[in-house]
Amino acid sequence: MKKQNPIPRMGLRTLQNNVIRIGSFPRHWSDLYHFLIIISWPKFFIVLALSYSIVNTLFAFAYLGGGNCIENAKVGSFQDAFFFSVQTMATIGYGSMYPKTLYAHVLVTIEAFVGLLGVAMATGILFARFSIPTAKVLFSRVAIITEYNGISTFMFRAANQRNSFILQSQIRVTLLRNEITKEGYIMRRFYDLPLVRNESPIFALSWVVMHTIDENSLLYNSTQVSLAEAETEIIVTFTGLDESVSQNIHTRHSFSSEDILYNKRFVDIIKRLENGQRVIDYRRFHDVEPT
């Protein structure tokens, strides 16, 4: 095995989209259901519209292949054949056009069956997309390393963007960096960072996640230069139970070495009014200031 040269950074943000897979199965058609679940809503509706148009186009050509098989349709008219296919697949049946040969009746029977399957599948996928629980958790754009109670501490913010509570919330923080073995091989290593508090029984508003940097911490004596040289990335995973739907939710975030600021502190976003009511200003959620 040859020693490998340093490779471009492959952190959480770039790993999914910037990796070329050779010899693997096709990414989409081998797992069509998963593909339709994870794509964005605009792409999902585009796929549905294209599929619907292609199927109706194929049946339109099939009707044209039967000659004058549709009553009140112009012979050889693709437009009439296409819209007759749309009416058949959607089971509309206006009555102005209808099959008049055995060939057309057989095609109508097949298309009606295909239409029923298509509606059932589209409905099921729509329901699956709507029913997937999502975590609306906001993470600060940057993380900081600063003094807290006289001890150097790595910290970042998280906030629940919904009005409902997230129960049994847990956060796990992992450090990812390059290391060189004695033989000169470059390895990408994962290390868990112990937190001051890694779980909360009720996550309602905001949460400042902290890791104490002592002699045993992997961030001990680190600088922005050393973090960048090791291509360090901090990966955050969050899990919890959404009380409104009683389902587990999860999300993730990452901080690159450029996102970790030294000798900064987060701007205070919690204020108390004269009547005792607390106010949280999320407009400054990402803001930091010099210590």
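This note goes through the predicted model point by point, from the whole chain to single residues.

1. **Basis.** This is a predicted model, in which local features need pLDDT of at least 70 and side-chain atom pairs count only at pLDDT 80 or more, while totals for chains, interfaces and linings use all residues. Residues are numbered from 1 along each chain as its sequence is written, and side-chain values use heavy atoms, with hydrogens and water left out.

2. **Whole chain.** The protein chain has six helices and 16 strands. These are DSSP runs numbered from the N terminus: helices are H or I with at least four residues, strands are E with at least two. Of its 291 residues, 32% count as buried. Buried means under 20% relative accessible area, exposed over 50%, and partly exposed in between (1.4 Å probe, protein chains only).

3. **Contacts along the chain.** Take the contacts in the protein chain with a separation of 6 or more: residues 24 or more positions apart account for 66% of them. Contact means heavy atoms within 4.5 Å.

4. **Helices α3 and α4.** The axes of α3 (residues 41-65) and α4 (residues 78-89) come within 8 Å and cross at roughly 120 degrees. That makes α3 oblique to α4. Axes are lines fitted to C-alpha atoms, for helices over the stretch in contact, and angles run from 0 to 180 degrees between N-to-C directions. Under 35 degrees counts as roughly parallel, over 145 as roughly antiparallel, 65 to 115 as roughly perpendicular and the rest as oblique.

5. **Their contact.** Residues of α3 in the contact include Tyr52, Phe59 and Leu64, and those of α4 include Phe78, Phe82 and Met89. By class, the contact of α3 with α4 has 13 nonpolar, five polar and no charged residues. Ala, Val, Leu, Ile, Met, Phe, Trp, Tyr, Cys and Pro count as nonpolar, Asp, Glu, Lys and Arg as charged, and the others, Gly among them, as polar.

6. **Leucine 193.** Leucine 193 lies in the loop between β7 (186-192) and β8 (199-203). Leucine 193 is buried, at 5% relative accessible area. Leaving aside neighbours within four places in sequence, leucine 193 touches Val173, Leu175, His211, Leu218, Leu219 and Ile234.

7. **Positive phi.** Most residues other than glycine have a negative phi. Asparagine 149 has a positive phi, near 55 degrees. Asparagine 149 sits in the loop between β4 (143-148) and β5 (151-160) and is exposed, at 68%. Serine 246 also has a positive phi, about 55 degrees. Its loop joins β10 (233-242) and β11 (247-256), and serine 246 is exposed, at 57%.
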